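Subject: Handover of a structure

Dear colleague,

Please find the structure below, followed by an account of what was found in it.

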Amino acid sequence: MSQATNPAPGATGGTGRSAGPLDEVDRRILRELVGDGRLSIRTLAERVHVSRTNAYARVERLIQDGVITGFRAQVAPELAGLGTSAYIALTIEQNTWREVSEELARVRYVEHVALLSGEHDVLALVRAPDNATLRNVVLERVQSIAGVLSTRSWLVFEEFDGAQNSW
């Protein structure tokens, strides 16, 4: 299997064309790979009841069409030394979202960034080793980015995954 990577922050991430609709076999492949991205093609083919050649071709097509954007390890932040997490909402100057996004992508401990509509413009998930580091990230690094007008932080006490899509 090829290893696709995520598009750069602010990139559209598309290929300029729409992927065709997913059939039931494609959806079963996605369910299996979301559950375990390390499955071999042989095991995947057995689980979704298709030949290895068919499974390989479908996975490659899903990658080429941009449906599958990559494969990665899921890490338990606390066990990896990142015991403090917070969501940081940013209000930014109009028309600076590209520059702010690019700069946020370079800030250590920023794990995820989403552009929003509504009261705030950007929401960032920050995972840091401790409160002092989190304070430094927010007050010194994020608030110093050109175009950031204000921030608001929410500490995360506990996290869990939802049911996810059933594909």
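Which residue in β3 is the bridge partner of Y87? The partner is L125.

This is a predicted model, in which local features need pLDDT of at least 70 and side-chain atom pairs count only at pLDDT 80 or more, while totals for chains, interfaces and linings use all residues. Residues are numbered from 1 along each chain as its sequence is written, and side-chain values use heavy atoms, with hydrogens and water left out.

Strand β3 covers residues 122-128; strands are DSSP runs of E with at least two residues, and helices are runs of H or I with at least four, numbered from the N terminus. β3 runs antiparallel to β1 (residues 84-92), to which 7 bridges join it. It is also antiparallel to β2 (residues 110-115), with 5 bridges, and V110 stands opposite V126 of β3. Two strands pair if DSSP finds at least two bridges between them.

Helices α1 (residues 24-35) and α3 (residues 52-64) have axes, lines fitted to C-alpha atoms over the stretch in contact, that come within 11 Å and cross at roughly 80°. They are therefore roughly perpendicular (65 to 115 degrees).

Regarding confidence, the mean pLDDT (the predictor's confidence in each residue, from 0 to 100) of the chain is 90. Over residues 1-15, however, pLDDT stays under 50.

Yours sincerely

Definitions and conventions
Contact means heavy atoms within 4.5 Å. Axes are lines fitted to C-alpha atoms, for helices over the stretch in contact, and angles run from 0 to 180 degrees between N-to-C directions. Angles under 35 degrees count as roughly parallel, over 145 as roughly antiparallel, 65 to 115 as roughly perpendicular and the rest as oblique. Buried means under 20% relative accessible area, exposed over 50%, partly exposed in between (1.4 Å probe, protein chains only).
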